[in-house]
Amino acid sequence: MTERFIDISLPKRGVHCTARLLDDKAPVTCAAVWEALPLSGDVYHAKYARNEIYALFEPFAAQEPPLENPTVTPIPGDLCYFTFNGTQLGNRAYGYDTTGADVRAGATLVDLALFYERNNLLINGDMGWIPGIVWGTVVDGLEEMAAACNDLWRAGALGEALSFRRA
């Protein structure tokens with residue numbers, strides 16, 4: 001199979017990176033994401049996992065992917081896919097508008113995440129271990145993206161998006 005690449009960007013900050021899909025390790029997840037592109041949503045910086053930015057999306061696959069190529073210790077450049085329901089994310093401590101359409105009881109949400117630095121651990125005080133599907137790896141532009149992610153952490157994410165498109 002030919003290698004496939006995507007462009008990941010923080011448009012307001014004018015930064016992007018390129019990632020290679022891991023079709024050999026997470027074929028179902030890669031196919032689901034690839035067919036759904038382009039995707040863009042409000043960006044969030046993780047509170048618990050440490051060096052992670054992510055966006056939440058309505059489900060886009062006919063069936064949610066199985067837990068292929070799982071990890072609880074993502075490394076810099078990993079792209080991870082998570083599935084949650086609104087009840088799991090309904091705690092106000094997460095910072096979501098729990099009265100809005102994005103986080104509601106029973107609603108499935110897809111979390112597409114980019115890990116930009118070391119020392120990540122996918123454990124949550126409310127739910128325990130949260131394994132993610134590693135479906136891509138950044139191959140170009142991680143250093144610039146990491147600087148922008150750190151700025152997002154310090155300066156805030158309001159008004160910024162996380163965008164994924166075919167490269």
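How many helices and strands does the secondary structure of the chain come to?

**View 1. The chain and its elements.** This is a predicted model, in which local features need pLDDT of at least 70 and side-chain atom pairs count only at pLDDT 80 or more, while totals for chains, interfaces and linings use all residues. Residues are numbered from 1 along each chain as its sequence is written, and side-chain values use heavy atoms, leaving out hydrogens and water. The answer is 2 helices and 12 strands (DSSP runs numbered from the N terminus: H or I of at least four residues for helices, E of at least two for strands). Their order from the N terminus is β-β-α-β-β-β-β-β-β-β-β-β-α-β. Of the 167 residues, 50% are buried (under 20% relative accessible area, 1.4 Å probe, protein chains only).

**View 2. Phe57 meets Phe164.** The structure holds 5 aromatic pairs (Phe, Tyr or Trp rings, the six-membered one for Trp, with centres within 6.5 Å; planes under 30 degrees apart are stacked, over 60 edge-to-face, the rest tilted). In one of them, the centres of Phe57 and Phe164 lie 6.4 Å apart with planes at 70°, so this pair is edge-to-face. Phe57 belongs to strand 5 (residues 52–57) and Phe164 to strand 12 (residues 161–166), so the pair ties together parts 107 residues apart in sequence. Both Phe57 and Phe164 are buried.

**View 3. Phe82 beside Phe84.** Here the ring centres of Phe82 and Phe84 are 6.0 Å apart and the planes stand at 20°, so the pair is stacked. Phe82 is buried, as is Phe84.

**View 4. A ring cluster.** Look back at Phe57 and Phe164: ring pairs link them with Trp135 into a cluster.
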